[in-house]
Every structure is written in structure tokens, then in C-alpha cells.
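Hello,

Here is the structure I promised to pass on. Please have a look at it first; my notes follow below.

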Amino acid sequence: MAVVAAYVVIWLIGSGAHFVVAFLGALVIGTTIGCIILRGYGRIGGPHKDLYVLIASIGLAMIMQNCCAIAFGSSIQRAQMPVFFDTIVHVTSAFSLSGTQLLVSGLCTLAIALMLSVWYGTVLGSAARAISENPELSVLVGVPVARRVGELGLISAAGASTVGIVASIDAGVTPSAGFDYLLPGIVAAVIGGGFGLRGVVLGALVLAAFSSSCAYLIGSRWADLGSVLLLAIFLTWRTK
């Protein structure tokens, strides 16, 4: 959904829509498509349901990737933001940020804060943690599993769409951008997955700092290799 939402933003802004309207439109469209897909996954059954969902997800991602390539091309595209977002804000004499970077940082911080608030501070979050640990017991104690899973699917689709919106105004996107985020997501989950959702957020920050350091010290082409090495280190540490 991230890539779909990203291209919707690019298309809407390119068509003359205000960037706020484009953001909201992409969020609604991406979330709606995501919920439809997740609803379809919910109809998959059988003893190998997880495998079937994985295969369906990969196939659907490839189909959507090719559709985006046909419609928008395979080159990197970036949403055209208003000129004032190119304004440079000098934080210190050696450190500055553009308006776009400040916007991206604000959106990411807000998304993380909302996600953690829902996960740890609401009834939905408590139900989600219970379902993830023991879905059968959750049913026995009266948790409406089907409804909660649907609500979590809605939030997940909105989160993925937000990622696409942020990517479209920051570094730009290509039709294969969704797969580009797969490895970092896995590494962040491995680093902090044992400590709950807060750990995953912390793992993402550790990975970002490590990858940026690798890119700065030895070149950007080695950043992915650095992620793989970090993954190997934490896998080795956590299996001991």
C-alpha cells in the first residue's frame, strides 16, 4: 500500500491538488485498498493458511508493482511540494534541515507516537497483544477477535499508506520501492522484536543510525551490506 499511496500523492499534486488534499486522498485510497486486500486474506483458510497468504502477498505485490511501472514509469519520482518547503532552517552552524525534512520528521514522529499510544494505551492495543500471544485463549475470555483484527488491519493499512506518503515527498519512489523497505523492516523487527513494539521502534532507529554511518564512512552502496551484517550480529546474539 505504501507504493500505491505514494503514486496517488504524486498524481494528485501533479494534477494541481493542494498537497494537504493530496495527502488525505492518498491516505484514504491506500487505506481502503489495504482493507479490501486484508479482508480477502481473511477468507483464506486451511492448515497452510500462513503460507498461502505469503504467496498471495508476494504475487499481489508484483502485480501492483508492474501496474505502477506501466502507469508511471520505472524511474524515481518525487512529489512536487510548495516552494517554501525548500527553505533551509539552520539549527546550528554545522547542521541544517530543509522544510521537507522537518515535515517528514514531524509526520514520522506523530505516526510513531500514535502507534505506541494505541498499542499500549487503549483497549484495542490490549486486545491486539492478547491475540498475538494466544488467539485461542483470547476467544475463550471473550475478546472479539474478528472485529479487533479488522480494526488492526485498518490501522496497518493507514500506517503503510503513511509510509508511502512520506517516501514520496522525501527521497522519491519507484515501483519496486515496497521491496526496498522489506529488509530494513525485518532487521528492525529482529533487533527489537523481543522487547515489544517499543523495541521495534528502537531497532529501526538503531538500524537507521548504523546504515547512515556506513553510507557516510564507506559509501552508500555498502549500506545494505551493513544492514545484513547487523542482522547477522543480532541473530547470533539472540540465539545464544
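Helices here are DSSP runs of H or I with at least four residues, and strands are runs of E with at least two. On that basis, the chain has eleven helices and two strands. Keep in mind that this is a predicted model.

The order along the sequence is α-α-α-β-β-α-α-α-α-α-α-α-α.

Overall shape next. The chain has 240 residues, and a compact globule of that length would have a radius of gyration near 18 Å. The chain has 19 Å, so the value agrees with a compact globule. Along the principal axes, the C-alpha atoms fill a box of roughly 60 × 45 × 35 Å.

Now packing and surface. Buried residues make up 30% of the 240. Take the contacts between residues at least 6 apart in sequence: 62% of them join residues at least 24 apart. The accessible surface is about 14,600 Å², and carbon and sulfur atoms account for 71% of it.

On charge, the chain carries 11 positive and 8 negative charges. Their mean positions lie 6 Å apart.

Is Thr-174 buried or exposed? Its relative accessible area is 15%, so Thr-174 counts as buried, the cut-off being under 20%. Beyond its neighbours within four places in sequence, Thr-174 contacts Val-3, Tyr-7, Ser-74, Ser-75, Ile-76 and Asp-180.

Best wishes

Methods. Residues numbered from 1 in each chain as written. Predicted model: local features only at pLDDT ≥ 70, side-chain atom pairs only at ≥ 80, totals over all residues. Heavy atoms only, no water. Rg over C-alpha atoms; globule rule 2.2 N^0.38 Å. Buried < 20%, exposed > 50% of the residue type's maximum accessible area, 1.4 Å probe, protein only. Contact = heavy atoms within 4.5 Å. Areas by Shrake-Rupley, 256 points an atom, 1.4 Å probe, with all protein chains shown as cover. Lys, Arg positive; Asp, Glu negative; His and termini not counted. Charge placed at Lys NZ, Arg CZ, Asp CG, Glu CD.
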